[in-house]
Amino acid sequence: MKKYIKLGALILLFGTVTASFHGCKKKDLPVVVESVNEKVSVGQLKVYLGELITIDTSKIKYNEENEKFSVYGIEQIGREELIAMYIKKNNK
């Protein structure tokens, strides 16, 4: 019985150590170049966000001060984040 407990403990320890070294690694989004930001208009981003969350684009507002899109008065996403998603989708 002790033998199985020790074996189980070793397997658990090995699994924990392995998971800590090979855990979830976050992929960095590519850096968005300013010239690309200027080419994607707020209107295009509104349409894209509307398609993503299936909502009428008239419900989406853009705040130029903090560069965030909001729906029903609740901030949803920043402009640069949405541009990165838009470019990633359109480059496929």
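Helices (H or I, at least four residues) and strands (E, at least two) are DSSP runs, numbered from the N terminus. The model is predicted: local features need pLDDT of at least 70, side-chain atom pairs count only at pLDDT 80 or more, and totals for chains, interfaces and linings use all residues. Residues are numbered from 1 along each chain as its sequence is written, and side-chain values use heavy atoms, with hydrogens and water left out.

**Exercise 1. State how many helices and strands the chain has, and their pattern along the sequence.**

Solution. Start with the count: the chain has 4 helices and 3 strands. Then read along the sequence, where the pattern is α-α-α-β-β-β-α.

**Exercise 2. Work out how the strands are arranged in the sheet.**

Solution. Strands pair if DSSP finds at least two bridges between them.
- Step 1: strand 1 (residues 60-63) and strand 2 (residues 68-71) are antiparallel, with 4 bridges. Ile60 has Val71 of strand 2 as its bridge partner.
- Step 2: strand 2 also runs antiparallel to strand 3 (residues 74-78), again over 4 bridges. Here Ser70 is opposite Glu75 of strand 3.
- Step 3: the 3 strands therefore give an open antiparallel sheet in the order 1-2-3. Strand 1 and strand 3 are its edges, each pairing on one side only.

**Exercise 3. Find which residues have a positive phi in the two hairpins.**

Solution. Between strand 1 and strand 2 lie 4 residues, and in this hairpin Glu67 has a positive phi near 55°. The hairpin of strand 2 and strand 3 has 2 residues between the strands, and its turn residue Tyr72 has a positive phi of about 55°.

**Exercise 4. Check the length of helix 3 (residues 42-53), then describe its end and its surroundings.**

Solution.
- Step 1: the expected span of a helix is 1.5 Å times one less than its number of residues. For the 12 residues of helix 3 this gives 16 Å, which agrees with the 16 Å between its end C-alpha atoms.
- Step 2: after helix 3 comes Thr54, with a positive phi near 45°.
- Step 3: Leu45, Tyr48, Leu49 and Gly50 of helix 3 are buried (under 20% relative accessible area; exposed is over 50%, partly exposed in between; 1.4 Å probe, protein chains only).
- Step 4: the cover over these buried residues includes strand 1, strand 2, strand 3 and helix 4 (79-90).

**Exercise 5. Give the share of the chain that is buried.**

Solution. Of the 92 residues, 20% count as buried.

Definitions and conventions. Contact = heavy atoms within 4.5 Å.
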